[in-house]
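Subject: Structure handover

Hello,

Here is the structure I said I would pass on. My notes on what was found in it follow below.

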Amino acid sequence: MNFAEFQRRFPTQEEVFTYFKRVLYNGKVKCNHCHSERVYQRRTTPKLFDCNECGNTFSMFKDTVFEKTTTDLKKWMYAIYSYLSSEGELTISQLQREIVVSYKTAWRMLKKIRDLLDSGERESILKGGKKCQEEIEQDPLAQVR
Ligand SMILES: [Zn+2]
């Protein structure tokens, strides 16, 4: 699936956040303070969650490479997807061409994805990312309306 098809598959912001919830938390976001699962996503600022247990407000991207990125999350999403589906063979220039970013940005993104996969987050990224990849590939047209 190329980036244009991918964008048609995930037209809304909500789907992007669902994807990252799966990739980063395996689908179950927990409070980063008390670890409760009784957390609620804000409708207007979907990256923010409020915890019903302790009142903590946190970003689902806290302490991840996505926290301060200025690159479109959908591009990140596609980069992770292609990296996983190419079994790590995705090159900087392929990524650069597909999502139309500078070589430097593509280089940085790939490096961060590799770092993520080498770090302690590896398991959740792999599990969450692979699961998403399967869902995306199972029925690529399901959500193109
Ligand atoms: Zn909490």
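**Helices α4 and α5**

Ile92, Leu95 and Gln96 of α4 meet Tyr103, Ala106, Trp107, Met109 and Leu110 of α5. By class, this contact has 7 nonpolar residues, 1 polar residue and no charged ones. Please keep in mind that the model is predicted.

Two packed helices are described by the distance between their axes and the angle between them. For α4 and α5, the axes come within 9 Å and cross at roughly 115°. The crossing is right-handed.

**The nonpolar core**

The largest nonpolar core has 29 residues. Val23, Ala79, Ile80, Tyr81, Leu95, Met109 and Ile113 have the most contacts inside this core. Two or more residues each come from α2, β2 (48-51), α3 (73-85), α4 (92-99), α5 (103-118) and α6 (122-138). The largest share, 8 residues, is from α3.

Two of the residues named above are worth a separate entry.

- Met109: leaving aside neighbours within four places in sequence, Met109 is in contact with Thr71, Trp76, Ala79 and Leu95.
- Val23: this residue is found in helix α2 (residues 13-25). Val23 counts as buried because 28 C-beta neighbours lie inside 10 Å, and the cut-off for buried is 20 or more. Not counting residues up to four places away in sequence, Val23 touches Ile80, Ile125, Gly128, Gly129 and Cys132. The C-alpha atoms of Val23 and Thr71 are separated by 17 Å, and the two residues are 48 apart along the chain.

Regards

Technical notes: Residues are numbered from 1 along each chain as its sequence is written. This is a predicted model: local features need pLDDT of at least 70, side-chain atom pairs count only at pLDDT 80 or more; totals for chains, interfaces and linings use all residues. Helices (H or I, at least four residues) and strands (E, at least two) are DSSP runs, numbered from the N terminus. A residue is buried if 20 or more other C-beta atoms lie within 10 Å of its own, exposed if 12 or fewer, and partly exposed in between; C-beta atoms are placed from the backbone. Two residues are in contact if their C-beta atoms, placed from the backbone, lie within 7 Å. A nonpolar core is a set of buried Ala, Val, Leu, Ile, Met, Phe, Trp, Tyr and Cys residues joined through C-beta atoms within 7 Å. Axes are lines fitted to C-alpha atoms, for helices over the stretch in contact, and angles run from 0 to 180 degrees between N-to-C directions. A crossing is left-handed if the near helix is turned anticlockwise from the far one by less than a right angle, and right-handed if clockwise. Ala, Val, Leu, Ile, Met, Phe, Trp, Tyr, Cys and Pro count as nonpolar, Asp, Glu, Lys and Arg as charged, and the others, Gly among them, as polar.
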